[in-house]
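Hi,

Here's the structure I promised to pass on.

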Amino acid sequence: MDAEFLAQFALNALSLGSLYALMALGMAIVFGVLRLVNLAYGELLMVAGYTLFVLNDSPLPWLFVAGAAVLAASLASVLTERVAFRPVRVNSLNAMLITSFAVSTLLQNAALLLVSPRTRAVNVPGLLTQSLEIAGLRVSVANLITIGVSLSLLFGLNLLLRRTTLGLALRAAADDFPMTRMLGVRADRVIAAAFAISGVLAGVVGLFWIARVGSVVPTIGAGPLLIALIATVIGGMGGLAGAIAGGYVLGALTVGMQLLLPPGLIDYRDAFTFGIVILVLLVRPQGLIPGRQSARVG
Amino acid sequence: MASVRASITRHRALPVLLVLVVVIAVTTSVFGDRLLDRIVTVMFIDLILVLGFQVFSGNSGLLSFAQIGFMGIGAYTSAILTMTVEAKGFAIPDLYPFLVPIQIPFIAAVFVGAVVATLVAAAISFPIMRLSDAASVISTFALLVILHVVLAHWSALTNGPRVVFGLLPYTDLPTATLWAIVFVAAAWAFKHSSLGLKLRASRDSEFAAATIGLNVVRLRWTAFIVSAFICAFAGGLWAHFITSFSPQAFYLTRTFLILTMLIVGGPRTVSGAIAGTIIVTVAFETLRTAESTINLERLVPFQLVGLTEVILAIGLIVVLAVRPGGLIEEREILSGPGGPRAEPVEPPGLEPAGEAR
């Protein structure tokens, strides 16, 4: 293995890892306040994708369209919380989980109903499909932008969480929600904010995810959902730092498996990664970076 | 005497439920409508699946997504065992040579399929049973994905993601009815057995159950493999009803449908499983018919796809919000007033249920 190969690997892993970290973070921020594994998370990416599709022919510059897509994902996220999760919140954890499963089915089939079951092409700016030559390495512009945007989002989110009252409330809620409420923090607001942030992250990830494929289908959310699940489990479901770490580890694992697995086994890659999930849950259920709060039961 | 009477009271719903299944079957065959016959047959197979879910989730209180994967194992195993040599040559060209000449009778094949799934479940599920809450759900979800990926890529057994066809339609209404009756009785017996009682105790309070010496992990594990057996059996029946299928049939869409039936009826009761299956089947078929009528008559300018699922999903969310325990929540129908029920007690130091959320 030469240095060039390693640099290429590092760059790919960093780019994919950043994307995965954002996905996982969007999942973890809701899990933090609600203890909900949101199975409808992938459909938020789908919402972003279809917004891009609807605005395909608009004269607006692409950045505006992208902004609208992110906004739509965030709105959808808040809306699902308001309409579906809030009424069942007081019930059991399982009720909420099944609700998220129902919301996922609902959104997917709404896309089938309102758009089409067929693949829809989405305009992607030419910049994202080009690649550059840097010091003898072929580097795709999309990878660089992914890394740049993800890192600045992570940085911005860090500021939000550390420097604002809302951030304080979110972190406190992730730590110990009953106590946070007793101190006068409005639960509804914190939860809605968490869903809004989760939607923004899903929307941004959706932009990059869909730019890679160049099209959108109703089932596009399944892959990202699985990735977010795996990453949060590997990293630790107790905190947000864990989700980010999990995202990068999973990114590196995926790129690594793509390179190292024999061709016959590449098809089973998902089975391997999920095998790792179960293994992590068994050996180190608290994940790489355990949160401060212990799991509810067990 | 009192205990005998209590026992009779406790179990008097079972014959009623069994008679209900028979009445539905007989009425259907009297009508003699082919479509109705098919709908009811599928409904009874779905009922077996719902009962499979109920045995584990209802009694242990843990949600599992994995069961439809075991249904897939049952379907593929039984299909390979009943198909003729020529049919296998066409449908599964890459099949392991030693499996090609094997051909056994239908019900035997369904049994073998269920046993294979049970062994798989027994081998891989034990560690997962240690987990609770989110971790447990994520790992059963992971298990479903793993089973699906394996089914969709193991060309030498399943013909990969492609459709397997050429099975003979052995499953008809009487077969489905017979096995529905068997598994209603089995789920009932399981729930009221000593094992079921212990498991339900661990559902209400995991720690209290462990304190009185119950091996909670082992109890859950037993229920999980019983559940896998039932679902795989249903898979074998289903495969020989539908006669051609692909791995996609054993994934999230069906999981959603079966979970909807379970939740709407009430996961904790066998009567609930039956009620949920009937209600959701009726709703599903009505909506499907409406959808196809709208499409055929061109009442709207575009093709409607997915309306049925949208409405079912909304219905499920409403049920979860209004009646999270399902229609028949805690007590089986006709079981009369029961003794006092223990309130679930949260151990100190953990957040009280329902408080934070």
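**The A/B interface**

In this predicted model, 40 residues of chain B are in contact with 46 residues of chain A (contact means C-beta atoms, placed from the backbone, within 7 Å). On chain B's side, helix 7 (133-153), helix 13 (252-265) and helix 15 (307-322) each bring at least two residues. Helix 7 of chain B gives the largest share, twelve residues. Helices here are DSSP runs of H or I, at least four residues, numbered from the N terminus. By type, that side of chain B splits into 29 nonpolar, five polar and six charged residues (nonpolar: Ala, Val, Leu, Ile, Met, Phe, Trp, Tyr, Cys, Pro; charged: Asp, Glu, Lys, Arg; polar: the others, Gly among them).

**Confidence**

The model scores ipTM 0.85 and pTM 0.89. Chain B has a mean pLDDT of 90, with 94% of its residues at 70 or more (pLDDT is the predictor's confidence in each residue, from 0 to 100). Over residues 346-357 of chain B the pLDDT is below 50, and that stretch has 16 contacts beyond near neighbours in sequence.

**Helix 9 of chain B**

Helix 9 (residues 173-192) reaches 28 Å from first C-alpha to last, close to the expected 28 Å (1.5 Å times one less than its number of residues). Its buried residues include B:Trp179, B:Phe183 and B:Lys191 (buried: 20 or more other C-beta atoms within 10 Å of its own). Helix 3 (34-60) and helix 12 (216-242) of chain B are among what covers them.

**Conventions**

Residues are numbered from 1 along each chain as written, and chains are lettered from A and ligands numbered from 1 in the order written. Local features need pLDDT of at least 70 and side-chain atom pairs 80 or more, while totals for chains, interfaces and linings use all residues.

How values were computed
Contact = placed C-beta atoms within 7 Å. Buried ≥ 20, exposed ≤ 12 C-beta atoms within 10 Å, placed from the backbone.
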